[in-house]
Amino acid sequence: MSFLRARALLRLGTPDQAMDALEHIDTGGLSDAGRSDHALLSAVAAGRLGQADKASKHFIEARVFAISSNDVSLEIEGDFYRALSAFGANDLTEAATLCDQAIATIKAKNFAPSASGMIPLDHVTARVLELRGMIYGTEGSYDAHATFSRAALAKLDASIVPDVFQEAFALRNLTILARDFDVVSDATAMQDRVPSLSWTEDLAAVGFATYEALAWCLALRGDCIGALRNLRAAAKHVTSGAEAVILSVDRAVFAREHGHMPMVVDELEHAADLARGVNWNDAAGDTRDALLSLAQAAAPMSSRLAREMLDRYTNISKAMNPNYASRIEPRTRAQENFTHGLVLRSEGRDHASMERLTDAFQIWHAIGYEWRASRAAVELAEMNAGEKYKLVVRREISQRPTSIFAARARLVA
């Protein structure tokens with residue numbers, strides 16, 4: 001029961017309490033599998049507490065005892081957590097190597113007996129696949145990222161033991177990919193199954209991100225009513241001021257594209273008031289990007305407000321959680337450039353604006369974020385930056401004729 005308690009505490013983000021629970025376990029009478037489990041959980045807790053040397057020592061112990069116990073699940077789980085640690089330290093080569101090693105071990109030992117592993121092999125395999133996909137994503141290989149994310153979810157679906165917590169994260173990750181690349185089949189599949197998941201209070205932030213991404217999936221295909229319904233569902237999972245800012249900005253953008261200007265003004269004012277009350281250094285995950293979205297939405301109406309929110313973003317001094325791939329992915333740089341471009345344009349600095357918008361366009365286009373690249377192309381076309389941008393806009397209209405952004409695009413096509 002102490003091992004289960006430690007795992008639960010780690011999932012809830014309280015490694016100090018998990019370490020305390022583990023330190024009260026007498027390891028003398030444990031089997032090799034039990035000692036491996038204890039060492040592994042101790043390594044994870046130590047790593048999250050910033051105790052790198054202690055974590056490294058426990059990882060070595062965990063691997064030795066896992067191999068001696070012939071417990072494949074424990075062996076693979078050790079590789080996963082070591083890979084996750086390397087990923088957090090930006091050592092992508094080591095992280096990828098460990099994931100590939102784990103996948104190779106799974107294939108080689110798939111029918112080997114499991115001694116007493118607490119976590120089903122399918123669950124551990126799904127985590128490895130999910131992480132391997134994230135690593136591909138940081139390298140710009142988003143097709144591979146999506147392929148591994150689908151494989152991870154399929155592995156969870158095939159397991160006879162459900163894990164709602166892990167499934168929620170898998171659904172979120174695949175929904176975000178479906179939004180960013182406008183993958184209709186994945187978006188449809190997620191819309192069918194996301195509402196049926198038991199979203200507990202502990203999964204509120206994951207539920208918010210998932211429903212918010214689903215809203216954009218529908219908006220890109222012209223289903224604004226369905227998009228608004230998903231935003232209403234997301235609102236039920238709001239746990240922070242940053243998330244509330246995201247919702248208001250989304251509603252403002254949707255309202256503007258449909259010509260409801262009083263609602264635009266109201267939502268932007270509300271989002272700005274909320275943003276001023278948020279400690280952005282402590283904003284969870286990548287929700288700090290809400291400031292970029294707010295600056296983008298405000299730029300056409302108030303250069304002062306847009307600049308204020310962009311400055312708040314650039315003044316964030318605390319690094320993003322190391323487990324978020326977006327902190328080192330090119331898409332973040334593109335989002336920053338796009339925001340700078342819009343704010344500079346609102347200030348009448350067109351030359352500097354075009355430089356930033358061109359950079360954003362090139363990055364998004366290179367990684368396949370076509371609808372986002374098209375948003376930059378619309379801005380550039382409006383500033384007469386070149387005929388090629390009008391061609392991009394025309395292609396976007398042909399591919400997504402009912403997109404929430406289609407009406408504005410037609411004006412410059």
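With a relative accessible area of 43%, Asn90 is partly exposed (buried means under 20%, exposed over 50%, and partly exposed in between, using a 1.4 Å probe and protein chains only).

Before going further, a word on what you are looking at. This is a predicted model, in which local features need pLDDT of at least 70 and side-chain atom pairs count only at pLDDT 80 or more, while totals for chains, interfaces and linings use all residues. Residues are numbered from 1 along each chain as its sequence is written, and side-chain values use heavy atoms, with hydrogens and water left out.

At the other end of H5 there is another asparagine to look at. Asn70 sits in the loop between helix H4 (52-69) and helix H5 (72-88). Its phi, near 60 degrees, is also positive in a residue that is not glycine, and at 37% relative accessibility Asn70 counts as partly exposed.

Now step back to the whole chain. It contains 21 helices and 0 strands. The C-alpha trace spans about 75 × 40 × 35 Å along its principal axes. For 413 residues, a compact globule would have a radius of gyration near 22 Å, and the 23 Å of this chain agrees with that; the radius is taken over C-alpha atoms, and the globule rule is 2.2 Å times the number of residues to the power 0.38. Of the 413 residues, 54% count as buried. Among contacts (heavy atoms within 4.5 Å) between residues at least 6 apart in sequence, 65% join residues at least 24 apart.

Is Arg127 buried or exposed? It counts as buried, because its relative accessibility is 14%. Its side chain makes a polar contact of 3.4 Å with that of Glu77 and one of 3.1 Å with that of Tyr81. Such a contact is a pair of N or O atoms within 3.5 Å; within protein, one must be able to donate a hydrogen and the other to accept it, and residues adjacent in sequence count only if both atoms are side-chain atoms. Beyond residues up to four places away in sequence, Arg127 touches Glu77, Phe80, Tyr81, Ile119 and Gln166.

Val392 lies in helix H20 (residues 387-399) and is buried, with a relative accessible area of 8%. Leaving out residues up to four places away, Val392 touches Phe361, Ser374 and Ala377. Val392 and Ala377 are 15 residues apart in sequence, with their C-alpha atoms 6.7 Å apart in space.

Met263 belongs to helix H14 (residues 261-276). It is partly exposed, at a relative accessible area of 34%. Setting aside neighbours within four places in sequence, Met263 is in contact with Arg251 and Ala255. From Met263 to Glu396 the separation is 133 residues in sequence and 27 Å in space, C-alpha to C-alpha.

Key:
Helix = DSSP H or I, 4+ residues; strand = E, 2+ residues; numbered from the N terminus.
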